[in-house]
Amino acid sequence: MILAIDIGNTNIVIGCTRKEKIHFVERVSTDTSKTELEYLVTFKTLFDLYHINVGDITGCIISSVVPPLNNIIKASMEKLLHTTPLIVGPGVKTGLNILMDNPGQVGADLIVNAVAGLKYYGAPIIMIDMGTATTISVVDEKKNYIGGMILPGVKVSLESLVNRTSQLPRISLEAPRKLIGKNTIDCMKSGIIMGQAACLDGMVERIWDDLGYQANVVATGGLAGCIVPYCRKKIIYDNELTLKGLDIIYRKNAEGE
């Protein structure tokens, strides 16, 4: 069994995989003030919750966009699992051909998602990851990672709207009763949910136009489930995409594979 960890700006996604099967997916808050021991306790609690024996975990892989946490969580997992985690970065085999000005600057999470997207959905493919930021990555019909876009995330947009206006309240992320709101809260809900859905639809259409052909679209991330159901384009929601990619990369780099 392999432990897969994706460290994001807001949440850390955690899951255990065995033979391409994801046993669980959970999210805990990203906190750079936590110590090795505190993260160790958090992970051990999750294992206990899902009745996973630490001794059954034979390997660990980490992707991260929060460098200050890399060594903390790596050391925490070394204490808990008695094995050294593989960290996605330069020198790690991914099998992905990255056509970017500086391939080393591409976020580890984007690479991991692209690896999983290629294996499970084929090329060409557009991958949308909705977290603190909304990122869009594109793999062309020749299986080349050719770039993408970075947009303000759903919650970032909502918090900015609330914090910079004096009369708009904090609201939950849920769909309005009608597209055209009849009160302030429903107007805000429509703007954030339907507006984000329309944004994704529009970006997908523009990417298709730029490519000259259509591509499958898959979305992941903690907030994708709130937005994707209201998109008009066909977008596959895969909550396990990043963990699937980490599993593929771990096996690709494992001894003898």
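Contact here means heavy atoms within 4.5 Å. The legends below use the term for a predicted model.

**Figure 1. The whole chain, by confidence.** This is a predicted model. Its chain has a mean pLDDT of 92. Of its residues, 99% reach 70 or more. Among the elements, strand S3 (residues 21–29) has the lowest mean pLDDT, at 89. Strand S10 (residues 216–220) has the highest, at 97.

**Figure 2. The five-stranded sheet.** This sheet is open, and its strands follow the order S3-S2-S1-S4-S5. The pairing is mixed. S3 and strand S5 (86–87) are the edge strands, and each pairs on one side only. Within the sheet, strand S1 (residues 2–7) runs parallel to strand S4 (residues 59–64). Six bridges join S1 and S4. Alanine 4 stands opposite isoleucine 61 of S4. In general, strands of a sheet pair through backbone hydrogen bonds, in a parallel or an antiparallel sense.

Figure 3. Helix H7 covers residues 241–253. H7 lies across S1, strand S2 (11–18), S3, S4 and S5. The helix runs at about 125° to S4.

Figure 4. S6 pairs with strand S9 (residues 144–152) in the parallel sense, over two bridges. Asparagine 97 has asparagine 144 of S9 as its bridge partner.

**Figure 5. Strand S10 and its partners.** How many of the five residues of S10 are buried? Four are, so S10 is largely enclosed by the rest of the structure. Strand S7 (residues 125–130) pairs with S10 in the parallel sense, over five bridges. Here aspartate 129 has threonine 220 of S10 as its bridge partner. S10 also runs parallel to strand S11 (residues 236–237), and two bridges join them. Valine 218 stands opposite isoleucine 236 of S11.

Figure 6. Aspartate 109 sits in helix H3 (residues 108–121). This aspartate is buried, yet has no salt bridge. Which side chain of opposite charge is nearest to aspartate 109? It is arginine 27, 11 Å away. Leaving aside residues up to four places away in sequence, aspartate 109 touches Asp6, Val65 and Asp129.

**Figure 7. Glycine 212 in a loop.** Glycine 212 lies in the loop between helix H5 (184–211) and S10. Is glycine 212 buried or exposed? Its relative accessibility is 63%, so the residue counts as exposed. The cut-off for exposed is over 50%. Arginine 18 is 194 residues from glycine 212 in sequence. In space, the two are 38 Å apart, C-alpha to C-alpha.

Terms used:
Residues numbered from 1 in each chain as written. Predicted model: local features only at pLDDT ≥ 70, side-chain atom pairs only at ≥ 80, totals over all residues. Heavy atoms only, no water. pLDDT = per-residue confidence, 0-100. Buried < 20%, exposed > 50% of the residue type's maximum accessible area, 1.4 Å probe, protein only. Lys, Arg positive; Asp, Glu negative; His and termini not counted. Salt bridge = Lys/Arg side-chain N within 4 Å of Asp/Glu carboxyl O. Pairing = 2+ DSSP bridges. Axes fitted to C-alpha atoms, helices over the stretch in contact; angles between N-to-C directions.
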